[in-house]
Amino acid sequence: MGQPAPPPSRRDGDLASPGWDDIGIFHAIAESGSLALAALRLGLSEATIARRLKAFERGLGVQLFRRGANRLVLTVTGAELAQEAGKVAAAAERFASRAKSARTAADAPVRITATTSISLFLTKYAAAISADAGGIEIVIISTRDRLNLARGDADIALRMTKVPDEPGYFGQKVGRLVQALYVRRDVDPATAPVISVSRETSSRIDEHIRAYAAGRPIAARVGDSAARYESIRSSGTVSMAPCFMADADETLLRLQPPPDRTADDIFLVTHEVSRQRPAVIAVMAALRKVFRENRARLEGLAV
């Protein structure tokens, strides 16, 4: 028998196929701008990082960085490839998240993240949501921070903004949160202290409250809507609060019809990572039901 044919050699000008690890090292250097920081991030020695980068550039046949005194600066080509490396890194993170989700126990609680006001609404109906989902335990995470669903920080998010424009996200509008001006029934609204919000929280609500105040001073600015409700109820102030809270409180009086321009749409947001779990699908259906059944309360129509 003859000798086996040798593998075809790479011709001059052919591009070496970059490895996953090398792309990851390049991405870390591009983000940090430093061999030392990239080495610390990846748990490798700086010498190893430098050697791998040099071999990576040699294999690609292009210079990726210009060497400065204390920092590496991307070349034009390097900057273009860094964008592609970022996409590879994001895909790798989604891969890891999907694998993590696949390992989730079938009976693990379903975590729902929402703002304080929506969390309070969910708390009122938590037992019904769990029962409608087949007895699944739910965890309500009350925060204004946007927890990363792709990373598995939560399974479901209820947000006042539209679905993130990123791969893997799904969302639908499930309701509308309406607020109105309220005062306690035993308080004169003409002399009650006025509580508004910061413009960073909601310029629409701030403008509406200041228009009602008609020049009266603003006593304080409170961003959280549940805290504003407590201020009206306990401190005798005038402010805006969610209608589903304040309308159910017989001690409070609605001063005006709720303005449409200060209302917020509520979106049910999930990610393909968590949507693989039957428990998450069941809780999503239960959430849609509770928002559908309480539409009038949320929109201030059940007075």
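Which residues in H1 meet which residues in H3? On the H1 side they are Asp21, Asp22, Ile23, Ile25, Phe26 and Ile29, and on the H3 side they are Ile49, Arg52, Leu53 and Phe56. Before we go on, please remember that this is a predicted model.

The chain has a mean pLDDT of 88, and 92% of its residues reach 70 or more. One stretch to treat with care is residues 4-10, where pLDDT stays under 50. For this stretch the model has two contacts beyond four places in sequence. Where pLDDT is low, the predicted coordinates should not be read in detail.

**Helices that pack together**

Two packed helices are described by the angle between their axes and the distance between the axes.

| Helix pair | Angle between axes | Distance between axes |
|---|---|---|
| H1 (residues 20-32) and H2 (residues 35-42) | roughly 125 degrees | within 8 Å |
| H1 and H3 (residues 46-60) | roughly 110 degrees | within 10 Å |
| H5 (residues 116-124) and H10 | about 95 degrees | 11 Å |

Start with H1 and H2, whose axes cross at roughly 125 degrees. Because of this angle, H1 counts as oblique to H2. The crossing of H1 past H2 is right-handed. On the H1 side, the contact is made by Gly24, Ile25, His27, Ala28, Ile29, Glu31 and Ser32. H2 contributes Leu35, Leu37, Ala38, Arg41 and Leu42. Sorted by class, this contact holds seven nonpolar, three polar and two charged residues.

Now turn to H1 and H3, whose axes cross at roughly 110 degrees. That angle makes H1 roughly perpendicular to H3. H1 passes H3 in a left-handed crossing. You already know the residues that meet here, among them Phe26 of H1 and Phe56 of H3. They divide into seven nonpolar, no polar and three charged residues.

Ile118, Phe121 and Leu122 of H5 make the contact with Leu287, Val290 and Phe291 of H10. What classes of residue does the contact of H5 with H10 have? It has six nonpolar, no polar and no charged residues.

Next, look at Val178, in the loop between strand S6 (169-177) and strand S7 (179-184). Is Val178 buried or exposed? Its relative accessibility is 8%, so Val178 counts as buried. Leaving aside neighbours within four places in sequence, Val178 is in contact with Ala241, Pro242, Cys243, Pro258, Ala263, Leu298 and Glu299. Val178 and Arg297 are 119 residues apart in sequence, yet their C-alpha atoms are 9.0 Å apart in space.

With 19% relative accessibility, Glu299 counts as buried, because buried means under 20%. Not counting residues up to four places away in sequence, Glu299 touches Arg176 and Val178.

Ala296 is in helix H11. Since its relative accessibility is 31%, Ala296 counts as partly exposed. Beyond its neighbours within four places in sequence, Ala296 is in contact with Leu301 and Ala302. Ala296 and Gly175 are 121 residues apart in sequence, and 9.8 Å apart in space from C-alpha to C-alpha.

Arg277 lies in the loop between strand S12 (264-271) and helix H10 (278-293). At 8% relative accessibility, Arg277 counts as buried. From C-alpha to C-alpha, Arg277 and Asp155 are 9.4 Å apart in space, while 122 residues separate them in sequence.

**A backbone angle to look up**

Most residues other than glycine have a negative phi. Ala214 is not a glycine, although its phi is positive, at about 50 degrees. You can find Ala214 in the loop between helix H7 (199-213) and strand S9 (218-221). At 64% relative accessibility, Ala214 counts as exposed.

How values were computed
Residues numbered from 1 in each chain as written. Predicted model: local features only at pLDDT ≥ 70, side-chain atom pairs only at ≥ 80, totals over all residues. Heavy atoms only, no water. Buried < 20%, exposed > 50% of the residue type's maximum accessible area, 1.4 Å probe, protein only. Contact = heavy atoms within 4.5 Å. pLDDT = per-residue confidence, 0-100. Axes fitted to C-alpha atoms, helices over the stretch in contact; angles between N-to-C directions. Helix = DSSP H or I, 4+ residues; strand = E, 2+ residues; numbered from the N terminus. Parallel < 35°, antiparallel > 145°, perpendicular 65-115°, else oblique. Left-handed = near helix turned anticlockwise from the far one by under 90°. Nonpolar A, V, L, I, M, F, W, Y, C, P; charged D, E, K, R; others polar.
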